[in-house]
Amino acid sequence: MGKVYAIASQKGGVGKTTTAISLGAELARLGNKVLLIDADAQGSLTASLGYTEPDSMEETLAAVLEKIVNEEHFDKRKFGILHHKEGFDLLPCNIELSGLEVSLVNAWSREVVLSKYIYRIKDDYDYIIIDCMPSLSLMTINVFAAADRVIIPVQAAYLSLKGLEQLIKTIGKVKRGLNSSLGIDGILITMLNNRTNYSKEIVNLLDEAYGGAVHIYDSKIPFSVRAAEATAEGVSIFKHDPKGKVANAYMDFTQEVLANE
């Protein structure tokens, strides 16, 4: 069965979606069958992969979850699944997820609706990468309940560290109450500018505060406008700037993830 990774952060703008795309694209480049799931109502992952108007899409994660809740039959291999030109699949998302999340509050076993879908498709993929919304919402709890491991991107900035403790506590609660196999794979430092003392201080602070309890990846993702350019083009950094420093950093990061299995 495939391995499920949740990419989670309580703060937006930390490279979460870029990390999800880069990890998925590199795993696909290495010959694996990969599914990326956009679990953020903003549709950032969907838009970043070239589907610029996610709110006009009908077959999305929200539609899939609605069918699960209503116990409707659908083709798990086709409904909502898009194939990206870089060799991985995508289950897109849009604003409809916000409305569905409200209705989930009254649903039976509301925290494990996504898990029911993941269970159906897990055999079809080597890796499933889920991009969470930047909040500890019911949808994020659903993602944690369905995941094997959580990857936490953290920008090398003080405000990015503030929500980390609450996120780690929430993961622990889900592990104890809903998903005993859940674990934190590691914390990934992103958008790092090695030339500033401030960034170095943040890295040291993170290591002192969490290094003893949570794995911090050796790989650090440097700040680069090339990553933003790739997002605008609807491709991964490996397609946009294959020999650049960000692509190399994400290659190293992927190898670390594989080594942790």
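Modeller: Glutamate 229 forms a salt bridge with arginine 226, and their closest N and O atoms are 2.9 Å apart; the term salt bridge stands for a side-chain nitrogen of Lys or Arg within 4 Å of a carboxyl oxygen of Asp or Glu. The model is a predicted one, in which local features need pLDDT of at least 70 and side-chain atom pairs count only at pLDDT 80 or more, while totals for chains, interfaces and linings use all residues. Residues are numbered from 1 along each chain as its sequence is written, and side-chain values use heavy atoms, with hydrogens and water left out.

Glutamate 229 and arginine 226 are separated by about one helical turn, because they stand 3 residues apart in helix 10 (residues 225-233); helices (H or I, at least four residues) and strands (E, at least two) are DSSP runs, numbered from the N terminus. Glutamate 229 is partly exposed, at 31% relative accessibility, and arginine 226 is partly exposed as well, at 32%, where buried means under 20% relative accessible area, exposed means over 50%, and partly exposed lies in between (1.4 Å probe, protein chains only). Salt bridges with shared partners join Arg226, Glu229 and Asp241 into one network.

Over the whole structure, the search finds 10 salt bridges. One of them links the side chains of lysine 122 and aspartate 148, at 3.6 Å from N to O. Lysine 122 sits in the loop between helix 5 and strand 5 (127-132), and aspartate 148 in the loop between helix 6 and strand 6 (149-155), so this pair ties together parts that are 26 residues apart in sequence. Both lysine 122 and aspartate 148 are buried.

In another salt bridge, the side chains of aspartate 185 and arginine 149 meet at 3.2 Å, N to O. Here aspartate 185 belongs to strand 7 and arginine 149 to strand 6, so the pair ties together parts that are 36 residues apart in sequence. Aspartate 185 counts as buried, with a relative accessibility of 3%, whereas arginine 149, at 24%, counts as partly exposed.

Strand 7 (residues 183-192) also holds methionine 191, which has a positive phi of about 50 degrees although it is not a glycine. Methionine 191 is partly exposed, with a relative accessible area of 29%. Serine 109 likewise has a positive phi of about 50 degrees without being a glycine, and it lies in the loop between helix 4 (96-104) and helix 5 (113-121).

Next comes helix packing. Helix 6 (residues 138-146) and helix 8 (residues 164-177) pack at an angle of about 55 degrees, with their axes 10 Å apart; axes are lines fitted to C-alpha atoms, for helices over the stretch in contact, and angles run from 0 to 180 degrees between N-to-C directions. That angle makes helix 6 oblique to helix 8, since angles under 35 degrees count as roughly parallel, over 145 as roughly antiparallel, 65 to 115 as roughly perpendicular, and the rest as oblique. Ile141, Phe144 and Ala145 of helix 6 make the contact with Leu167, Thr170, Ile171 and Val174 of helix 8, contact meaning heavy atoms within 4.5 Å.
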